[in-house]
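Hello,

Here is the structure for your files. My notes on contacts and surface follow below it.

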Amino acid sequence: DLEIHKAKTWGKMAQRIAHDIKNPLTSILLTQQRLQMEYRERSPEAAAVYDGYTAKISDRIEALRLMTRNFMKLINLEKLHLTETELNPFLCDAVQQLSKNLPPDVKLDIKLNGHNETADLDQDQIKVLLENLVSNAINAMPSGGKITITANLAKGLHLSATEMEPHDYAVIEISDTGKGMPPEMLDKIFEPDFTATENGTGLGLAMVKKIVEGHQGHIEVESAVGLGTVFSVYLPVK
């Protein structure tokens, strides 16, 4: 089929481009680190000023690296590697990892419901999902704030028209105290070309939705301008 062939060719090309972007980024980062060592040694008093510039460069490089990683993952999302996973320890571990990269003015809390549900998850993909939702929350709080990740159990829900039987779901909520979004924005946020910040590529939330759907789950968002946003991710549990 011509369409499938075309899609595969585009996919291969996209992978090649993402790969070709990644290599020079690593090289730029290494060169910058050398430069930093040099000027810190030669002129410690000027280093504070220069450090401000190099931090900006590092920040942009990291954003590009994240973008290419996300892009590669978006292309490869078809393949699910499911593992039977106890949710509470998994979430605690993920939050511990995420806490390492938080800005100093952002606090991350986790609240678990006391149950410890088991779900079949692609752990890497769910980590990417959490990474993207936390990153989204950080971008929504330019002057700092609080992110809370909560896990609850919702029993006997009918979330899709195709389901004959009700299912039990783990509900993972990621809430922030950020600037929030108006209703007309909420309809568009999962589209691949949507971005709310000048740094965003829009791939993050499109990928989050794709990951949730790949797990036969469901995602909802509630937001109020000036108050913050809550993303609710529903994942089927055993």
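Phe190 and Phe231 are both buried (under 20% relative accessible area; exposed is over 50%, partly exposed in between, with a 1.4 Å probe and protein chains only). This is a predicted model: local features need pLDDT of at least 70, side-chain atom pairs count only at pLDDT 80 or more, and totals for chains, interfaces and linings use all residues. Residues are numbered from 1 along each chain as its sequence is written, and side-chain values use heavy atoms, without hydrogens and water.

Aromatic pairs

There are three in the structure. The cut-off is ring centres within 6.5 Å, for Phe, Tyr and the six-membered ring of Trp; planes under 30 degrees apart are stacked, over 60 edge-to-face, the rest tilted. Tyr169 and Tyr234 are edge-to-face, because their planes stand at 80°, with centres 6.4 Å apart. Tyr169 is in strand β5 (167-176) and Tyr234 in strand β7 (228-236), so the pair ties together parts 65 residues apart in sequence. Helices (H or I, at least four residues) and strands (E, at least two) are DSSP runs, numbered from the N terminus. Both tyrosines, Tyr169 and Tyr234, are buried. Phe190 and Phe231 also pair edge-to-face, at 6.2 Å centre to centre and 75° between planes. Phe190 sits in the loop between α5 (183-186) and α6 (203-214), Phe231 in strand β7, 41 residues apart.

Around Lys209

The charged end of Lys209 sits over the Phe190 ring, 5.6 Å from its centre (NZ of Lys or CZ of Arg within 6 Å of the ring centre and within 35 degrees of the ring normal). Lys209 also forms a salt bridge with Glu213, closest N and O atoms 3.1 Å apart (a side-chain nitrogen of Lys or Arg within 4 Å of a carboxyl oxygen of Asp or Glu). Both lie in helix α6, four residues apart, about one turn. Lys209 is partly exposed at 30% relative accessibility. Glu213 is partly exposed too, at 45%.

Other salt bridges

The whole structure has eight. Lys238 and Glu84 form one of them, at 3.1 Å, N to O. Lys238 lies in the segment after β7 and Glu84 in strand β1 (83-86), so this pair ties together parts 154 residues apart in sequence. Both Lys238 and Glu84 are exposed. Glu84, Asp120 and Lys238 are linked in a salt-bridge network. Asp109 and Lys107 also meet in a salt bridge, 3.1 Å from N to O. Lys107 is partly exposed, at 48% relative accessibility.

Regards
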